[in-house]
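Let's explore a protein model together, one question at a time. Keep the picture in view as you read.

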Amino acid sequence: DDPNWLPEGPDHRHNANGTKRFARGYLAYAGAGKHSRNNQFIIALDDNGPLGGGSPWEVPWGEIVGNRSFVTLSKLYTGYGEKGPPQGKLMQNGMTKELKLEFPKLDYIQ
């Protein structure tokens with residue numbers, strides 16, 4: 001990881017106006033710790049203080065733009081919450097027939 005140009009820690013997740021650093025529609029690589037980013041990325045479905053900018057691997061690198069993009073974002077199924085498919089299986093095997101049966105409402109990009 002590049003040196004973090006953002007200040008780290010919970011105190012720096014909002015700006016002086018109270019705006020959360022990781023706003024709805026922001027994109028970032030998913031990571032679980034230092035040097036853990038790869039080809040998975042996340043899209044903030046809502047403004048998210050705890051996610052954004054508390055660690056060097058949580059730096060947003062892009063954002064969706066345009067009303068149609070936000071309409072599409074609002075259509076993503078979120079009902080599985082944190083009980084969706086294991087990331088390890090997805091990383092290793094991609095979206096398999098078994099995962100499609102177990103998580104039939106999961107949105108994904110082929």
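Predicted model: local features only at pLDDT ≥ 70, side-chain atom pairs only at ≥ 80, totals over all residues.

Q: Is Tyr77 buried, partly exposed or exposed?
A: Look at how much of the residue can be reached: Tyr77 has a relative accessible area of 34%. Buried means under 20% and exposed means over 50%. The value for Tyr77 therefore makes this residue partly exposed.

Q: How far apart in space are Tyr77 and Leu106, C-alpha to C-alpha?
A: Along the sequence, Tyr77 and Leu106 are 29 residues apart. Tyr77 also touches Lys105 and Asp107, leaving aside residues up to four places away in sequence. From C-alpha to C-alpha, the distance between Tyr77 and Leu106 is 6.4 Å.

Q: How are the rings of Tyr77 and Tyr80 arranged?
A: A pair of aromatic rings is described by the distance of the centres and the angle of the planes. The structure holds two aromatic pairs. For Tyr77 and Tyr80, the centres are 5.0 Å apart and the planes meet at 75°. Planes over 60 degrees apart count as edge-to-face, so the arrangement of Tyr77 and Tyr80 is edge-to-face.

Q: Which residues do the ring pairs link into a cluster?
A: Tyr80 also pairs with Phe103: their ring centres are 5.1 Å apart and their planes are at 85°, so this pair is edge-to-face. That pair links distant parts of the chain, 23 residues apart, with Tyr80 in the loop between helix 1 and helix 2 and Phe103 in the segment after helix 3 (97-102). Both Tyr80 and Phe103 are buried. The cluster linked by ring pairs is Tyr77, Tyr80 and Phe103.

Q: What pattern do the strands and helices follow along the sequence?
A: The protein chain has three helices and three strands. Reading along the sequence gives their pattern: β-β-β-α-α-α.

Q: What is the order of the strands in the open sheet?
A: Strand 1 (residues 26-29) is joined to strand 2 by three bridges, and to strand 3 by two bridges. Both of these pairings are antiparallel. The open sheet of three strands has the order 2-1-3.

Q: Which residue in strand 2 is the bridge partner of Leu27?
A: In strand 3, Leu27 has Gly62 as its bridge partner. A neighbouring example in strand 2 is Ala28, whose bridge partner is Ile42. For Leu27, the bridge partner in strand 2 is Ile43.

Q: About how much accessible area does the nonpolar surface patch with Ile43 have?
A: Ile43 lies in strand 2 (residues 41-43). At 32% relative accessibility, Ile43 counts as partly exposed, and patches are made of residues with over 30%. Ile43 forms the patch with Tyr29, Phe41, Trp61 and Ile109, and together they have an accessible area of about 530 Å².

Q: What share of the residues of the protein chain counts as buried?
A: The protein chain exposes about 8,000 Å², and carbon and sulfur atoms supply 51% of it. A residue is buried at under 20% relative accessible area. Of the 110 residues, the share that counts as buried is 24%.

How values were computed: Residues numbered from 1 in each chain as written. Heavy atoms only, no water. Patch = residues over 30% accessible without salt bridge, like charges linked within 9 Å, V, L, I, M, F, W, Y side chains within 5 Å. Areas by Shrake-Rupley, 256 points an atom, 1.4 Å probe, with all protein chains shown as cover. Salt bridge = Lys/Arg side-chain N within 4 Å of Asp/Glu carboxyl O. Helix = DSSP H or I, 4+ residues; strand = E, 2+ residues; numbered from the N terminus. Buried < 20%, exposed > 50% of the residue type's maximum accessible area, 1.4 Å probe, protein only. Pairing = 2+ DSSP bridges. Contact = heavy atoms within 4.5 Å. Phe/Tyr/Trp six-rings, centres within 6.5 Å; stacked < 30°, edge-to-face > 60°.
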